[in-house]
Each structure stands twice: as C-alpha cells, then as structure tokens.
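Subject: Structure handover

Hi there,

Here is the structure I promised to pass on. Could you look through it, and then read my notes below?

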Amino acid sequence: MRIVTWNINGIKARLPVITSWLRQEKPEILVLQEIKSVDENFPRESFEELGYNVQTHGQKGFNGVAILSLMPFDEVHRGLPGDKNDPQARLIEGVFSHKAGSLRVCNIYLPNGNPVESEKFPYKLSWMDRLHEFVEQRLQLEEPFILLGDFNLIPEAIDCHNPKGWWGDALYRPESLEKFRRLTNLGLTDALRATTNAPSYTFWDFQAGAWRKNNGIRIDHLMLSAQATDQLKEIKIPRDVRGWDKPSDHVPVEGEFNFEPVGETVSGFD
DNA sequence: ATGCCGGGTACGACCCGA
C-alpha cells in the first residue's frame, strides 16, 4: 500500500498536475496540504472519477488539508484539538481498515512561523505543543499511526542545501527543533531517515533559481509509530515532478508499506 | 535576498508562503 504526502500550493491551480500524477501513480492514499479552498469549492468530482474517496478540511484563501483514499474512510477527524478559537485548517485524520487491522493517517500542515519576531512564531510553537498532546494520545492506541505532511521543519543540517543560511529561520532554529525532537521522542520514526542517509529535498523555492541550483530543503515528512514502522518497505521522492509544467514548490513524498487493502474499494459513504 | 516567484482574493493591490 502506498501512502503519499504532497503540499500542492493551491488545488485550483494544481488540478491538472495532480490528476495526471494520480492517473500515473494510483497510490492508495494521497494527503494534500495548502488546498487554499473551502470545502464546497474543492473539485472532489475530479478525484471521485478516479475512484478516490475525498475528505477535506478547508478554509478561504490559504491553508486547508485533504485526504484522498481508494479505501473507504472508517472515521474522519478535522482540526487540531486544544484551541477552539484557532480558525486555521491544518489537520485532518482518517482511519482505514487493512487486512490485519486498522490504520490511522493524520495529515498536518504545521505553521511556518516566520517572521520569528511576529506573532506567527509563538503560534507555531503553541501549535506544536497541541500536536504533542494529540500525538501522545494517538500513540497510546498502540496501532499503526502515520503522521505525515508539511512539517515546516528542517530536522538536520543534511536536510538543507545551505544550513548556515537557514539557521535562525523558524524552520531551523533551537526552539522549533527542540519541540520537534520532543515530539519524535514520543516514539515516532522519520521514515525517510530510516531508509537512507542521502540528502533528500522535498521543497525548492520558486525564486532565485532554487530548483535549477538544487537549493532545496526537506520539510515534508512521514513520521511513523512503531506499528507502522514495522510495515515500512521504502520511501521514494519523485523529484522530477518539481520540473513539470505549473509545478508546486513541493514534490510528493511516497511511503510504501506492507499493509494490504481489504477486498475491493467501494464508494458511497458519507 | 523577510518576497526575486506564485497563488489567493477580487479586479488593483495586498496577504500569504519558506
């Protein structure tokens, strides 16, 4: 079973790229960040035609997350608990069945946090505190759990082309990394780093020829519970997608797992 | 290089992103 994360930077502008990629790749699950759409305007039919079940958690103008799945959703949860006044749509979770049990897939778009001097940075840190609480509860379930998405965090120097240039940015500074390590120390495995020590970028800025110069960073991650790590086969990052027509500034990150779907996929829920 | 692109809203600039 293939489970993929992709920050697509606007569903409206990216629909042709995503549908052609889906026709080619047909992953069981694709999670999207930055759909920049309200739920009513999400082009769900374009994905349903391809056999996908669609669940969204959108908002007007920016942010917004979605899960596309060939398998039916057993459960859907929207929003990160811990602040009822937080209007930003950055988390959606789906629960699925596979032959040996259940699989919980939580898609996040973690706040960027820049500029560090603005209110955006404390928002990032408090969002990470809320995520910590949430993940702690999820891990107590002792089941396959995949926390994936755009973390807006550069884990280590190897994960950026120019570490000295990035150091101090909200994506790569002590306060952010301390909370990130506290989170992963709950018992999450970085799937990419479990399989390779090679530099593996997932984002290249639109500006300043970043793609041409390979001036990239790795900020899109699959973080796995022990029960999910046991089933991990490999991680692939199809970086060529960054060179397609009208690309996102992020590329997909694909996880291949030993989970097997239950029978035929069916639509018609919800 | 705290905005050079690129997408959003809304239709002329501004907000947002990493």
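Leu32 counts as buried because it has 29 C-beta neighbours inside 10 Å; the cut-offs are 20 or more other C-beta atoms within 10 Å for buried, 12 or fewer for exposed, and partly exposed in between, with C-beta atoms placed from the backbone. Leu32 sits in strand E2, residues 29-33 (helices, H or I of at least four residues, and strands, E of at least two, are DSSP runs numbered from the N terminus). Leaving out residues up to four places away in sequence, Leu32 touches Trp6, Ile8, Val65 and Ala66, where contact means C-beta atoms, placed from the backbone, within 7 Å.

Before going further, please note that this is a predicted model, in which local features need pLDDT of at least 70, side-chain atom pairs count only at pLDDT 80 or more, and totals for chains, interfaces and linings use all residues. Residues are numbered from 1 along each chain as its sequence is written, while chains are lettered from A and ligands numbered from 1 in the order in which they are written.

Leu32 also belongs to the largest nonpolar core, which has 65 residues; such a core is a set of buried Ala, Val, Leu, Ile, Met, Phe, Trp, Tyr and Cys residues joined through C-beta atoms within 7 Å. Val65, Ala66, Val105, Ile146 and Leu147 are likewise among the residues with the most contacts inside this core. Ile146 is in contact with Ile3, Val105, Cys106, Leu222, Leu224 and Ala228, once neighbours within four places in sequence are set aside. In soluble globular proteins, nonpolar side chains tend to be buried together.

Now the sheet. Six strands form an open sheet with mixed pairing, in the order E5-E6-E7-E8-E12-E9 (two strands pair if DSSP finds at least two bridges between them). E5 and E9 (189-190) stand at the edges with a single partner strand each, so one side of each has no neighbour in the sheet. E5 (residues 75-78) runs antiparallel to E6 (residues 91-98), joined by four bridges, and Glu75 has Val95 as its bridge partner in E6. E6 then pairs with E7 (residues 101-109) over eight bridges, again antiparallel; the two form a hairpin with two residues between them.

What surrounds DNA strand B? There are 24 such residues, the closest being Gly10, Lys12, Asn114, Pro115 and Ala208, where near means a C-beta atom, placed from the backbone, within 6 Å. By class, this surface has nine nonpolar, eight polar and seven charged residues (Ala, Val, Leu, Ile, Met, Phe, Trp, Tyr, Cys and Pro count as nonpolar, Asp, Glu, Lys and Arg as charged, and the others, Gly among them, as polar).

Some of these residues have backbone features to look at. Asn114 and Pro115 are joined by a cis peptide bond, with omega about -5°, and Pro115 lies in the loop between E7 and helix H3 (120-139). Ala208 has a positive phi of about 60° although it is not a glycine. Ala208 is exposed, with 9 other C-beta atoms within 10 Å. Glu34 also has a positive phi, about 55°, but Glu34 is buried, with 23 other C-beta atoms within 10 Å.

Best wishes

Technical notes:
Two residues are in contact if their C-beta atoms, placed from the backbone, lie within 7 Å.
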